[in-house]
Amino acid sequence: MELDGAMIELASVSGVYGQSGNQDVSVVTLEQLLKYLRDPYEYIDDIRRSAKYMTNKHGILKDTLRTIKSLPTLYHYLSPTSTSIEDPEAAKRSSEKAFKFLEDIEVKRVVRDGLFEVAETGTVVLCNRRNRYIQFLDIDDLRIEKIRNGDWVVEYDLSKIKRINSENKKELRDHLQSYPDEITPAKYLAYQKDPRNKRYVEIPSAYVIAMDANRNSPYGLPFTLPAWSAILQKDLISKAERNIVDRLVKQILILTAGKIGDKPPKKEIIQAQFKAVMRVLESKSSSRRSGVAEDSGVGLVAFSDIFDLKALEIDTTFIPKDMYDKIDDEIYSNLGVSRALIYGGGSDYSSAEMNLQKLTHFINSILEQFESVINKFIRKLINNDAIDFEFRFDYSASFNTKETVAQKKELYLQTGLVIPYLEAVTGQDYRYAVAMKRYQDEVLGTEELFYPPQNAYTTSTTGNGTKPTIDSPTNPNTIKSKSNGSNNNPSPSDGK
């Protein structure tokens with residue numbers, strides 16, 4: 001068997017991979033993939049639908065997208081746009097309003113879901129529903145063709161809504177609850193009266209996030225697209241090997257005969273049994289008489305004790321394991337990820353670390369788009385307030401938590417900026433640490449029971465600039481300090 005020739009022949013087969021009877025466009029073949037790659041934006045809808053099928057079918061793609069979704073820490077903060085704050089109370093009101101919005105929409109969950117979807121299909125459209133939650137709109141229901149002030153204009157296609165009985169106003173209103181706020185019963189009724197001119201409704205609260213998109217196109221391409229070719233090739237080889245093995249196992253049977261007493265059975269008996277087996281294997285009518293389906297290939301034959309029928313024991317490994325490993329390496333290479341990063345195998349630690357940083361920076365480039373959209377939502381929310389705030393992700397905490405904590409601690413010790421340090425240590429918004437401290441001291445009253453040990457950071461000075469004295473006659477440190485007068489020395493924090 002010439003393996004290379006077989007591979008070339010398999011790769012040229014049309015309609016072999018996963019084709020169903022209705023020629024579902026989501027089930028991609030090698031021939032279709034080559035057509036898509038010639039002009040991806042012409043077939044962008046087909047690519048997007050096929051991407052979901054490929055992701056759900058192949059574990060490598062699914063695990064890669066899960067890694068993209070879960071990898072970033074998504075630490076975030078709000079900062080005032082101006083360096084000086086003239087009205088602290090107004091700034092506090094604005095920040096509280098913005099934080100309330102981020103909590104209501106569950107910003108981390110929204111961004112993680114958005115990362116997965118934009119990596120899977122290439123494009124996600126976020127719609128702000130009354131500052132309460134963020135909805136991902138179905139791209140097939142939208143028209144995105146125009147740009148205004150640098151943003152793509154999103155319009156909803158009312159023809160995509162299933163026809164509703166307009167006479168029942170309550171039913172119409174309830175049905176439209178799942179659509180953007182701009183899709184009102186009045187606009188839907190206007191569309192029914194004038195479908196040509198009232199078909200599209202602009203959604204001002206919707207924004208497009210696309211991955212690897214051309215600047216003149218609103219749609220991005222799936223993250224997994226470069227790996228489809230290698231995956232389809234691997235499936236074709238696996239399917240060919242399974243078919244060959246299946247045919248060998250089912251068609252090569254060995255019929256053996258023992259002895260009747262001390263004598264072998266007569267030739268006529270052996271021939272009769274052999275012909276009976278052949279009739280079962282070759283005749284579909286035998287299958288029907290045995291009560292099984294016509295095309296199942298299942299039949300029934302009985303043997304006497306002297307006969308034994310079994311399949312030929314052969315080595316069914318036709319494709320070397322190295323060939324599969326080579327194709328797997330090509331899949332990971334086309335995805336731009338290492339095996340060590342996805343499931344802990346393959347590459348060494350240093351290469352996995354480099355790949356982690358590369359993938360992290362790529363994810364950060366997508367997070368910048370989410371950051372921009374969230375800031376647009378916040379600006380509309382606090383538009384009338386005196387103080388404007390910006391939402392930002394902490395990109396330094398994306399891929400090495402241990403180093404991040406050390407850096408934030410050093411920043412705190414040098415500048416007193418405690419908020420980044422608290423968030424890096426707890427993995428929560430800084431207000432979590434503030435609330436826990438208040439709950440501990442004011443509600444549980446543990447301030448008098450549990451307190452940090454005395455050290456250079458927790459020891460305060462007395463009114464005269466000397467260290468406090470613990471008057472304990474049994475404490476050897478107290479006895480020593482009294483004898484040498486060390487309590488009269490100023491503390492380091494006095495700078496004397």
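**Salt bridges in the predicted model**

Author: The structure holds 22 salt bridges, a salt bridge being a side-chain nitrogen of Lys or Arg within 4 Å of a carboxyl oxygen of Asp or Glu. This is a predicted model, in which local features need pLDDT of at least 70 and side-chain atom pairs count only at pLDDT 80 or more, while totals for chains, interfaces and linings use all residues. Residues are numbered from 1 along each chain as its sequence is written, and side-chain values use heavy atoms, with hydrogens and water left out.

One of the salt bridges joins Arg130 to Asp181, with 3.6 Å between the closest N and O atoms. This pair links distant parts of the chain, 51 residues apart: Arg130 belongs to the loop between strand E2 (123-129) and strand E3 (133-136), and Asp181 to the loop between helix H7 (169-175) and helix H8 (185-193). Helices (H or I, at least four residues) and strands (E, at least two) are DSSP runs, numbered from the N terminus. Arg130 has a relative accessible area of 58% and is therefore exposed, whereas Asp181, at 24%, is partly exposed. Here buried means under 20% relative accessible area, exposed over 50%, and partly exposed in between, with a 1.4 Å probe and protein chains only.

A further salt bridge is formed by Arg148 and Glu202, whose closest N and O atoms are 2.7 Å apart. It too links distant parts of the chain, for Arg148 sits in strand E4 (residues 142-148) and Glu202 in strand E6 (residues 200-202), 54 residues apart. With a relative accessible area of 42%, Arg148 is partly exposed; Glu202 is partly exposed as well, at 30%.

The salt bridge between Asp394 and Lys408 has its closest N and O atoms 3.2 Å apart. Asp394 lies in the loop between strand E10 (389-393) and helix H15 (401-415), and Lys408 lies in helix H15, so the pair ties together parts that are 14 residues apart in sequence. Asp394 is buried, because its relative accessibility is 14%. Lys408 is likewise buried, with a relative accessible area of 12%.

Salt bridges also form a network, which links Asp45, Asp46, Arg48, Arg49 and Asp140.
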